[in-house]
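This report describes the fold of one chain and its contact with a second chain. The sequence and structure come first.

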Amino acid sequence: MNFTFHRKHISGILAVIPAHERSFVEEMKNFNFPESRSLKLKEVMGYDKHRLVEPGVCVSDLAVCGLEHLFKNGLLRREEFDALILVTQSPDHFMPPTSSIIQGRLNLKHDLFCLDINQGCAGFLIGLMQAFLLLEQESIRKVVLINADVLSRKTSPKDRNSYPLIGDAASITLVERDAEDSVIHANLKMDGTRHEVLMIPAGGLRLPSTPETALLEDVGDNNLRAKDHLRMDGSAVFNFVQVEVPPLIEDLLASAGASMDAVDYFICHQANRFMLQKLADKMKVPYAKMPSNVVTHFGNSSGVTIPMAITFNLADRLRTGHARVCLAGFGVGLTWSSMLMRLGGLSFCEMIDYP
Amino acid sequence: MNELLNKIAEILEEKSIAETDDLKSFAQWDSLSVLSVIAMLDANYGVNLRAADLESTGTVKDLWNLVQSKKGS
């Protein structure tokens, strides 16, 4: 389905990444594969380093760190935003919402619309859509959109299928009304029949965590993971992206009346470098227009990778100038979504370490 | 067919392979090779196979036949 949003824009982006860095080479001895094959995987997929939280660090810790940084540096005033949206799949608790925990830890005002959304790789776009909708209300002047996940805590270190690419991070995006008569085009599709392609089987109420769900098992692919761990059908995800994303973006550009050449950057969810380069090949987009370096340097932090790709690659350009960008997120659900907007003039666009 | 043989040999890091060779008989046939073959078939033949399709494929000849049957479908 297609959407248009009028007179809304992103005015700042901050990424918060754990200072704790791990490397593929030091971790590959945990994998049950010959080193030569793991090194081949590293080369093909573009794995190198990733940022993981220390034990015990939660989503609200990263979010509070980022908001405090903005308050302290005068980049955001604590009373000037009226909604706080958190998109995460790794909340601090089942209940209450982690957005309420963040509100409480920072002693934010009571006139604040706090909302948790359970979404992943398309979560930056889903969060933006919610922010745009809230901004239709006069009482909502600015929205703080937080994307955050600490999925390394739910991934088996002995699972070469997932662990090397996972990263933890948070981003804080400030969304507000645009003085100019701007239009943002977006589209979205979902297919819940494929919900098992990316899943943490145990830990909810369908299959509560027990000592048994914590046992590592080999399902026949030499990887050891428990039912408490994230599991991903890598080749199914690959096929999903190559089949569904190019027509999604074509449709978006057609409905916006824009050509591929009119797009300065295609900022996609950073699944891994391999997947993005194949996507670029298929869409005939030069690699320079589609950054694919986030997993190599930081890991795949689910809904945070699009804001990270922006802060890591385009910060200088977007603080002073503007660019026409096409965003695309795809993954858990399955969910796939794209969005075309003019991005720039950002009052902040940077990355900080936690702690 | 020769093109497919060469591309699969490259993925499996073999000098050459025969159309009667069983894909699963190669030491390098693992999840990475499976993904590489899926990506290669998508890019070069416009065919999207799933890992399960490859699991049930025996020789390179069988794979060739599978690709031909899916082409343009």
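Strand 5 (residues 83-87) and strand 7 (residues 142-149) of chain A pair in the parallel sense over 5 bridges; two strands count as paired if DSSP finds at least two bridges between them. Within this pair, A83(A) stands opposite V143(A) of strand 7 of chain A. Strands (E, at least two residues) and helices (H or I, at least four) are DSSP runs numbered from the N terminus.

The model is predicted: local features need pLDDT of at least 70 and side-chain atom pairs count only at pLDDT 80 or more, while totals for chains, interfaces and linings use all residues. Residues are numbered from 1 along each chain as its sequence is written, and chains are lettered from A and ligands numbered from 1 in the order in which they are written.

The open sheet in chain A has 6 strands in the order 6-5-7-8-2-17, with mixed pairing. Strand 6 (113-117) and strand 17 (348-354) of chain A are at the edges with a single partner strand each, so one side of each has no neighbour in the sheet. Neighbouring strands of this sheet are turned by 15 degrees against each other on average, direction ignored.

Two helices of chain A pack on the sheet, as listed below. Contact means that C-beta atoms, placed from the backbone, lie within 7 Å. Angles run from 0 to 180 degrees between N-to-C directions, with axes fitted to C-alpha atoms, for helices over the stretch in contact.

| Helix of chain A | Strands of chain A touched | Angle between directions |
|---|---|---|
| Helix 3 (residues 59-72) | strands 2, 5, 7, 8 and 17 | about 50 degrees with strand 8 |
| Helix 9 (residues 305-313) | strands 2, 7, 8 and 17 | about 90 degrees with strand 2 |

In helix 2 (residues 35-45) of chain A, S38(A), L41(A) and M45(A) are buried. A residue is buried if 20 or more other C-beta atoms lie within 10 Å of its own, exposed if 12 or fewer, and partly exposed in between, with C-beta atoms placed from the backbone. The buried residues of helix 2 of chain A pack against helix 7 (273-283) of chain A and helix 2 of chain B. The face turned away from the buried side of helix 2 of chain A carries the exposed E35(A), S36(A) and E43(A).

The contact between the chains takes 15 residues from chain A and 13 residues from chain B. Helix 2 (residues 31-45) of chain B supplies the largest share of the chain B side, 9 residues.

Over the whole of chain A, buried residues make up 49% of the 355 residues.
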